[in-house]
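Here's a quick briefing to read with the model open beside you. Have a look at the sequence and the structure, then work through the topics below.

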Amino acid sequence: MEVRRTPLIVSGLIVAAFATTAMADLNGVSWTVTTSEWGDTFQFFADLDAGDQLNAVYGDADNALSISNSGMFYQSAFGGPTVAGMNPAFFPIFPSMVYDSFVTIGLETNVGNAMLDIGVDFTDFEAGGDIWTDNGSWFATPDDLQVYEVGGQVLFAQLTVAAGDTITGTVNMQGKNADGSNWTATAVDFDNLAVPAPGALALLGIAGITARRRRK
């Protein structure tokens, strides 16, 4: 099993020009990838400062959420589109579940998981297709321990794809800083994330993240 880890670089930052505006504590997005017989499994993390939270990943009318793949996202027949379907009691029986594609806030399984979702139609995603919404979110409340960074990170998606496929996406995020203030990051892009085919050079084509950030 091969594991690679690469940070996505913040290539641009646009801050709204208001007197009350300050930089949010989203430091970017990073990821790990694990290779198995089911494909290349990416875990995507919001990178935060100590004590910060990720409360929601969302799309709205101004900034739609879109996550897509040039091929198909792997979906285990025994999992689901969100972490609610990740019951670790079944992992030894159905090992493919471990590599299922799903969205989450903070946790890899449904044990002690309080994440909810609203307004996101996961039908296409559960069939291997895209996630898209301009009026939906997956989220957990500030009272849920899973929203807090661990080692500076909060997991928000696991996506398994075939080698050579390309993941593209735009997400928006909300959370809280350690001092209790709110932060928002919109139009966080991860584009042209290409997985090398077997035997190819170990190079990943990674476009930067462009994020517009504002503190409420």
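Over residues 195-216, under what value does pLDDT stay, and how many contacts beyond four places in sequence does the model have for them? pLDDT stays under 50 there, and the model has 91 such contacts for residues 195-216. Keep in mind that this is a predicted model. Where pLDDT is low, the predicted coordinates should not be read in detail.

**Confidence and overall make-up**

- Across the protein chain, the mean pLDDT comes to 82, with 77% of the residues at 70 or more.
- Residues 1-23 also have a pLDDT that stays under 50, and for them the model has 59 contacts beyond four places in sequence.
- The protein chain contains 14 strands and 1 helix.
- Of its 216 residues, 48% are buried.
- Take the contacts in the protein chain with a separation of 6 or more: 67% of them are between residues 24 or more positions apart.

**Strand E5 and its partners**

- Strand E5 covers residues 53-59 and runs antiparallel to strand E10 (residues 136-139), with 4 bridges joining the two.
- Two of the pairings to look for here are Tyr58 with Ser137 in E10 and Ala56 with Phe139 in E10.
- E5 also runs antiparallel to strand E12 (residues 166-176), this time through 5 bridges.
- On that side, Leu54 sits opposite Gly175 in E12.
- E10 has another antiparallel partner to check out: strand E8 (residues 116-118), paired with E10 over 3 bridges.
- Ser137 turns up again in this pairing, as the bridge partner of Ile118.
- As background, side chains in a regular strand alternate between the two faces of the sheet.

**The nonpolar core**

- The largest nonpolar core counts 40 residues, and Leu54, Trp138, Phe156 and Met173 have the most contacts inside it.
- Several strands each supply at least two residues of this core, among them E3 (26-36), E4 (39-48), E6 (65-69) and E13 (182-194).
- E11 is the top contributor to this core, giving 5 residues.

**Aromatic rings**

- There are 9 aromatic pairs in the structure.
- In one of them, the rings of Phe42 and Phe44 have centres 6.0 Å apart and planes at 15°, so this pair is stacked.
- Phe42 and Phe44 are both buried.
- Phe90 and Phe94 make a tilted pair, because their planes are at 45°, with the ring centres 6.3 Å apart.
- Phe90 has a relative accessible area of 38%, so it's partly exposed.
- Phe94 counts as partly exposed too, at 26% relative accessibility.

**Gln158, a buried polar residue**

- You'll find Gln158 in strand E11, which covers residues 153-161.
- Is Gln158 buried or exposed? Its relative accessibility is 3%, so Gln158 counts as buried.
- What does the side chain of Gln158 have close to one of its polar atoms? The backbone oxygen of Asp100 lies 2.8 Å from a polar atom of that side chain.
- Neighbours within four places in sequence aside, the contacts of Gln158 include Thr41, Phe42 and Gln43.
- Gln158 is also in contact with Val98, Tyr99, Asp100, Ser101 and Phe102.

- Most residues other than glycine have a negative phi.
- Ala187 isn't a glycine, yet its phi is positive, at about 55°.
- This residue belongs to strand E13.
- Ala187 is buried, since its relative accessible area is 13%.

Definitions and conventions:
Residues numbered from 1 in each chain as written. Predicted model: local features only at pLDDT ≥ 70, side-chain atom pairs only at ≥ 80, totals over all residues. Heavy atoms only, no water. Phe/Tyr/Trp six-rings, centres within 6.5 Å; stacked < 30°, edge-to-face > 60°. Buried < 20%, exposed > 50% of the residue type's maximum accessible area, 1.4 Å probe, protein only. Polar contact = N/O pair within 3.5 Å; in protein donor to acceptor, adjacent residues only side chain to side chain. Contact = heavy atoms within 4.5 Å. Pairing = 2+ DSSP bridges. Core = buried A, V, L, I, M, F, W, Y, C linked by side-chain atoms within 4.5 Å. pLDDT = per-residue confidence, 0-100.
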